[in-house]
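Subject: Structure for your attention, with a description

Dear colleague,

Please find the structure below.

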Protein chains: 2
Amino acid sequence: MSIKGIKKQFVTLSDVAEAAGVSVVTASRALRTPEMVSLAARDRVDAAVRALGYVPNPAAQALASARSRIIGVVIPSVTNQVFADLLRGVMDAVEGTPHAPQFVNTRFHGVREEDLLRVMATQRPAGMIVTGIDQTEASRAILSDMGCPVVQVMETGPDPMDMMIGCDQVAGGRAAVRHLLERGYRRVAFLGARMDPRAQRRFAGYRAVMEAEGLDDPALVVTTAEPSSYSVGGRLMADLLSAAPDAEAVFCNNDDVALGALFECQRRGIRVPSRMGIVGFNDLDISACSVPTITSIRTHRYDMGHRAVEMILAALDGDRPEAPVIDLGFTLMDRQSSRRLEGKKT
Amino acid sequence: MSIKGIKKQFVTLSDVAEAAGVSVVTASRALRTPEMVSLAARDRVDAAVRALGYVPNPAAQALASARSRIIGVVIPSVTNQVFADLLRGVMDAVEGTPHAPQFVNTRFHGVREEDLLRVMATQRPAGMIVTGIDQTEASRAILSDMGCPVVQVMETGPDPMDMMIGCDQVAGGRAAVRHLLERGYRRVAFLGARMDPRAQRRFAGYRAVMEAEGLDDPALVVTTAEPSSYSVGGRLMADLLSAAPDAEAVFCNNDDVALGALFECQRRGIRVPSRMGIVGFNDLDISACSVPTITSIRTHRYDMGHRAVEMILAALDGDRPEAPVIDLGFTLMDRQSSRRLEGKKT
DNA sequence: CTGTTAGCGCGTTCAT
DNA sequence: ATGAACGCGCTAACAG
């Protein structure tokens, strides 16, 4: 392109400006704020851009403007299907925009989160999406220093840092347990793996209902610090059957555990839902297909990711949302695994 | 920091240099090539870095060096558990390095992939990881123009662009079918969803074995363009039972389909494995826990992601691997769903 | 509406 | 072993 022809490897804005016969600034403005440029200039710049195949250099943009087009997404785990859904929502939402997500995972570790945020800060992100509402004070400080829109996703709660979109985990827990009680189960147990803050709150919902009904019993609560998985679900069910052989139903932390628990029942010949009711949380695809199908609390992870991005983009455009915190709610998917009365299957 | 105190929001290298009483270049060298700096200067720079909490600005680095620390990862889908495992391997491997992955998904779309690569190119990535071996000519050209290490993952094949790590999909398909034949199943069907190139090659393995045995029959092949899922697996099994009621076993495209097929059998009261054998592909967690457990071809997705990153980092250090293509192989996980003789479960 | 002038923070010559 | 000077490609001030 240039006479030296050595260092320059890409088409730059000056190339475009030269080709269009305008100054670099005009070319720049034609691309970023077309309404501030004469129609004639705009057309010539556009033509030059197409002819030369110009694509802006994000590093130069970021350096000059002290703002990148990166949207930082902080999640605790990539393994978990729940977060995969969130990611999908985020990726779909940035599509067609000049923004790109950058994912980091905290592995459920608070200090690690602070370090990761400090590194993210050097990128001057356009926006940040963080999981949950339990950030440390230090993390909150770093985030607010970033000077960009921040959305807390997955949960709702008081005291949002900036914006928030999710659902009430305690209410979800309550709904699950009430459903089982309505179905006629009394000895309702709680199975929980990886008791992170959200799982804790679901458990709080469970306990609230059980205590209110005078049905609470420590023997009915089985948890582990291990990450949730199908196999852990099976083990928790096994432990429960030892500790409380008369348990009639389980509310599981999430659907992985619920499905593992179901399999354990099948291995032991325990009939679900007649002898044992099961309710999960999150409503994974598989819960609607298993035999029997699994009753679960459906949360809207994809939408949370998608709308979180939309909220950030709107905020960048100066449109702050009316309400900073959005509760997407949840839906009880009433399926076979909690249908005590008509229970006929395995 | 500076007298103006207005624009400067972050600690820069000049701040560090000033605090350490050295020039900016020296500070820069102390960080990047410590051996070229006197011990005294090095220590003072290190101290200043810690005292001021200096973190380099990646945009400035990228602009000045025409190289970012981003590793581009191109996958066809984020939904799929298989790619989630790959991502996890990648994320774990970059941890502790100055590199960061950037994910884009092609949605199994070739032209889309080209566009995405063109955008990635503007970032001057440190390395690229791409899925599969079926890139278009244009994509290959863009990738090679990036002037960075490129690793093709998931499969092995001839003609690697640069480096390659995966396994032989055709061989995997053959192994699955041979296993079923050895177990005594004869009318072995193929169930396939989203017949992407990898699925096509597994199918090629299936067909090769069936033809060699003189057992091939078009009625035994049921596929759909829909993405694979548990429910699609159920539907494929239903379709198979209409087209070939005498089918004795199925080799499924992947474990989602296999599990869906199992559920469909359970709904219809068809005994697995005695009446219907099932083998999946990829070996998801759930396949080891379901009732019955599912025989599957285990592939090493996590390792592929992890080692792909390691290969890139090594190449950046000038250590090209001995062999540019690594075959990680696969393992047949022999479980209950194909145990025809001892089959007793549902 | 347009152009001129200065940087953004770092890497990379060249000198010394 | 060290430093001065320049430039990466773009945006942000300020004039006109």
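Predicted model: local features only at pLDDT ≥ 70, side-chain atom pairs only at ≥ 80, totals over all residues.

Residues are numbered from 1 along each chain as its sequence is written, and chains are lettered from A and ligands numbered from 1 in the order in which they are written.

**The DNA strands**

The largest share, 5 residues, comes from H4(B). That surface divides into 14 nonpolar, 8 polar and 3 charged residues; here Ala, Val, Leu, Ile, Met, Phe, Trp, Tyr, Cys and Pro count as nonpolar, Asp, Glu, Lys and Arg as charged, and the others, Gly among them, as polar.

Around DNA strand D there are 26 residues, of which A:Thr12, A:Leu13, A:Ala60, A:Ala64 and B:Ser23 come nearest. Two or more residues are given by each of H2 and H4 of chain A and H2 and H4 of chain B. The classes are 15 nonpolar, 8 polar and 3 charged residues.

**Where the two chains touch**

Two residues are in contact if their C-beta atoms, placed from the backbone, lie within 7 Å. The contact takes 38 residues from chain A and 37 residues from chain B. On the side of chain A that touches chain B, the elements that each supply at least two residues are H4, helix H5 (81-94), strand E2 (100-105), helix H6 (110-121), helix H10 (230-243) and helix H11 (255-268). H4(A) supplies the largest share, 5 residues. This side of chain A has 20 nonpolar, 14 polar and 4 charged residues.

**Helices packed on helices**

Two packed helices are described by the angle between their axes and the distance between the axes. Axes are lines fitted to C-alpha atoms, for helices over the stretch in contact, and angles run from 0 to 180 degrees between N-to-C directions.

In chain A, helix H1 (residues 13-20) packs against H2(A) at an angle of about 100°, with the axes 8 Å apart. H1(A) is therefore roughly perpendicular to H2(A), a word used for angles of 65 to 115 degrees. In this contact A:Leu13, A:Ser14, A:Val16, A:Ala17 and A:Ala20 of H1(A) meet A:Val24, A:Thr26, A:Ala27 and A:Ser28 of H2(A).

H2(A) also packs with helix H3 (residues 39-52) of chain A, at about 90° and with the axes 9 Å apart. These two helices, H2(A) and H3(A), are therefore roughly perpendicular as well. Here A:Thr26, A:Ala27 and A:Ala30 of H2(A) meet A:Ala41, A:Arg42 and A:Val45 of H3(A). The contact of H2(A) with H3(A) has 4 nonpolar, 1 polar and 1 charged residues.

**A sheet in each chain**

In chain A, 6 strands form an open sheet in the order E7-E6-E8-E9-E10-E12, with mixed pairing; two strands pair if DSSP finds at least two bridges between them. Its edge strands are E7 (221-223) and E12 (331-333), each of which pairs on one side only. E7(A) and strand E6 (residues 188-192) of chain A run parallel and are joined by 3 bridges. One bridge partner in E7(A) is A:Val221, which pairs with A:Phe190.

In chain B, 6 strands form an open sheet in the order E2-E1-E3-E4-E5-E11, and the pairing is parallel. Strands E2 (100-105) and E11 (325-327) of chain B stand at the edges with a single partner strand each, so one side of each is left without a neighbour in the sheet. The twist averages 15° from one strand to the next.

Yours sincerely,
A colleague

Notes:
Helix = DSSP H or I, 4+ residues; strand = E, 2+ residues; numbered from the N terminus. Parallel < 35°, antiparallel > 145°, perpendicular 65-115°, else oblique. Near = placed C-beta within 6 Å.
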